[in-house]
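Hello,

Here is the structure I promised to pass on. Please have a look at it first, and then read my notes below.

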Amino acid sequence: MNDQTENAIFYVMLLVLPLSALLARRLPIGRIGVMAAAWIGIFAIGLGVIALVNRNDWLVSGAHELFFGRDQSVVGGEVRVPIAEDGHFYVRAGINGVERSLMVDSGASYTSLSTDTAAAAKVAVDASGPPLVLDTANGMVTAQPARIATLTIGSITARDAPAAVASEFGNTDVLGMSFLSKLKSWRVEGGTLILTPNPQ
């Protein structure tokens, strides 16, 4: 039994106890429905208050994992990213303050952005410089060199980060070796990508 299943059982049991008491009283179905909704509301508010007052990170992360699945997290300065259902790793990144999901690709030389992402994040594209010719999964692509003022992933921030911009990337943004090579280390353990920043 995994942690997510155990969390689900715990939360269900907390709801089953008061609901079973209501059923035992043999009240009309309509009244039971109203009271059940009230108990569920009280339960949700209680979790929120406990998390807010006591700052129980385990409670917040456990509830999020139960309903939304595992998520990117920061542990001791390291950024931990769970593997997605398609077998890839996707990081939530701030590109000049604009949040995007980037697929991690150690085979890509550059962090590659779609033209839409580059425009939304106001990424500086060097239209006057020589183009970059990249060998991608979809063949050779000619891209424009660019610089990202701030690229932030969890606790890690890269400044003036090199990137490539091309319309051929479609809606896919990629985190490549131009970022990964600047880290102290990156590795995969048990289906989790771990990014370790260099000491400041």
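The largest pocket holds about 390 Å³ of space. A pocket here is an open set of points on a 1 Å grid over the protein atoms alone, where a 1.4 Å probe fits, with protein on both sides within 12 Å along at least five of seven lines. Grid points are joined across faces, edges and corners, and the volume is the space filled by probe spheres set on the points. Please bear in mind that this is a predicted model: local features need pLDDT of at least 70, side-chain atom pairs count only at pLDDT 80 or more, and totals for chains, interfaces and linings use all residues. Residues are numbered from 1 along each chain as its sequence is written, and side-chain values use heavy atoms, with hydrogens and water left out.

Who lines this pocket? There are 17 lining residues, and Asp105, Thr136, Ala137, Phe169 and Val174 lie nearest the centre; lining means having an atom within 4 Å of a point. Strand β7 (residues 132-136) gives the largest share, 3 residues. Strands are DSSP runs of E with at least two residues, numbered from the N terminus. By class, the lining has 8 nonpolar, 6 polar and 3 charged residues, where Ala, Val, Leu, Ile, Met, Phe, Trp, Tyr, Cys and Pro count as nonpolar, Asp, Glu, Lys and Arg as charged, and the others, Gly among them, as polar.

Now to a sheet. Its 4 strands are antiparallel and form an open sheet in the order β1-β2-β12-β11. β1 (73-75) and β11 (185-189) are at the edges with a single partner strand each, so one side of each has no neighbour in the sheet. Neighbouring strands are turned by 25° against each other on average, direction ignored, using lines fitted to C-alpha atoms as axes, with angles from 0 to 180 degrees between N-to-C directions. β1 and β2 pair over 3 bridges (pairing takes at least two DSSP bridges), and Ser73 stands opposite Arg80 in β2.

Two residues are worth a look on your screen. Glu78, in strand β2 (residues 78-82), is buried because its relative accessibility is 16% (buried is under 20%, exposed over 50%, partly exposed in between, with a 1.4 Å probe and protein chains only). Beyond four places in sequence, Glu78 has contacts including Ser73 and Arg187 (heavy atoms within 4.5 Å). Ser185, in β11, is partly exposed at 27%. Ser185 and Thr196 are 11 residues apart in sequence and 5.2 Å apart C-alpha to C-alpha.

Best wishes
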